[in-house]
Amino acid sequence: MQSPSFHVQHYIGGAFVEGTRRFEIFYPATNEIIGTAPEGRAEEVDAAVQAATHAFAAWSRAGAAERRRVLKAFADAIRAHAEDLERIETWDVGRPIRENRAGYVQRLAANIEFFADFAVTHGSEAYPMDSGYINYVLRQPVGVAALITPWNVPMLQATWKIGPALAFGNTVVLKPAELTPIGAWKLAQIAHSAGLPPGVLNVVHGFGPESAGALLTQHPGVQLISFTGESTTGKIIMGAASHTLKRLSFELGGKGANIIFADADLDRAVAISLRSSFFNQGEFCLAGPRLLVERPIYDEFLQRFIAATQQLRVGDPMDPETTVGALIAPEHLQRVRSYIDIARGTQAEIVLGGDQPDLPAPFNRGNFLNPTIIVGVQPQDRVCQEEIFGPVVTVAPFDGEEEALAIANGVAYGLSAVVQTRNLGRAVRVAGAIDAGTVWINDFFVRDLRVPFGGMKQSGIGREGGHYSLEFFTEAKTVCLSNQ
């Protein structure tokens, strides 16, 4: 397939805007240049915030039903552009297109549509007093929301934040990751064509430090920040936002445990573990890269898991048969490989992978890594403690619930976990004891937009989803009505 050439633009105040400086966009599977994007500086960031501020007055007063009408048109337009979005996400990320065709675009539309409906249908609160007074609660939009999204599932994260922010009456400045700017630009085009009012959604591209990201987090015209990304960056944003007391919602790093008890359905356990380990090349904050297997089935599970991993197909992400695509960038590939080198320097054993695949041109120039399985590790090893964010997993045995929980909770992160067992009592007991914002029992990555999503410890602050997004994206105002 011939490589495209994308000329990405900012989207500010309902217009597509060129920047004064541009940076190159690379296709992760070949490292070819596939376009350029503008680097947002103070002028563009300020213009976007000003446009959002100006649009807020009308959008916040439009009423939930009117906002729903506009946002449903946006969601319908996303569905109408499904094929383009599937390809763009692969150009942006290097993820196999088969994953994008498995309901990904439908989820983008659902993120917008769900919150548009929710904003209309949610109720309010009233508190009558014995003295005859009645207190009732109004939910009002906060203002300009800065939405800062990561590169691993960029359009999914963008719509997950845009949906509630706009549905509840805020206006938005979206800053996508510099490595994946194409999808956000395309979403802006779709929103524009669907009739979203000027300034309601703005998109500014660029980098983090001393660029669009930092400028947004410091801007006095921004009232709230929703950020998904690496934990260290979250700490920097928190410091920058503190000077103007911005409201914050962070979904940060993860190092999820996948606990497999001896009574688990082994066939299902292998299938679930394959997906939790290598979906999106392991570049997934919700991944379960720490497989903890109860000792009686450890050997059999490991044998089956290795065999299943060997069947994964690494290569051209545009090929529908490919199951593992390219990592995002050469620098990230080297970072992931450095953890494999660290493991080699310990008592650990790499039983599969650890090397790059032998692929034909032009994919031999891409950021590919064979799925890697490491055994013989200790819980305190760096490969078991730090977020690798690639197709690298550790498999270790455990004896009993107490040890499994000690290992699972013995990291700085607490985003997600998987528990696999046929024993319902154990499943509920262990899920309740794990330090994680989401625990899946006998499955992985099942999402309901109504439930809270976020992490514990260094995996984040706050929750979004359903009325938890309502809490974040609105101000609660109490009105006390006198009986006089």
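## A pair of strands

Let's start with Ile373, whose bridge partner in S17 is Val393. Strand S16 (residues 372-375) and strand S17 (residues 392-398) run parallel and are joined by three bridges. Strands here are DSSP runs of E with at least two residues, helices are runs of H or I with at least four, and both are numbered from the N terminus. Two strands pair if DSSP finds at least two bridges between them.

This is a predicted model, where local features need pLDDT of at least 70 and side-chain atom pairs count only at pLDDT 80 or more, while totals for chains, interfaces and linings use all residues. Residues are numbered from 1 along each chain as its sequence is written, and side-chain values use heavy atoms, leaving out hydrogens and water.

## The whole sheet

Zooming out, there's an open sheet of seven strands with mixed pairing, in the order S15-S16-S17-S14-S13-S19-S20. Strand S15 (349-352) and strand S20 (438-441) are at the edges; each has a single partner strand, so one side of each has no neighbour in the sheet.

Ser416 sits in strand S19 (residues 416-420). Is Ser416 buried or exposed? Ser416 counts as buried because its relative accessibility is 6% (buried means under 20% relative accessible area, exposed over 50%, partly exposed in between, with a 1.4 Å probe and protein chains only).

Setting aside neighbours within four places in sequence, Ser416 has contacts (heavy atoms within 4.5 Å) with residues including Gly256, Cys285, Leu286 and Trp440. Its side chain reaches the backbone oxygen of Leu286 at 3.0 Å.

How values were computed:
Polar contact = N/O pair within 3.5 Å; in protein donor to acceptor, adjacent residues only side chain to side chain.
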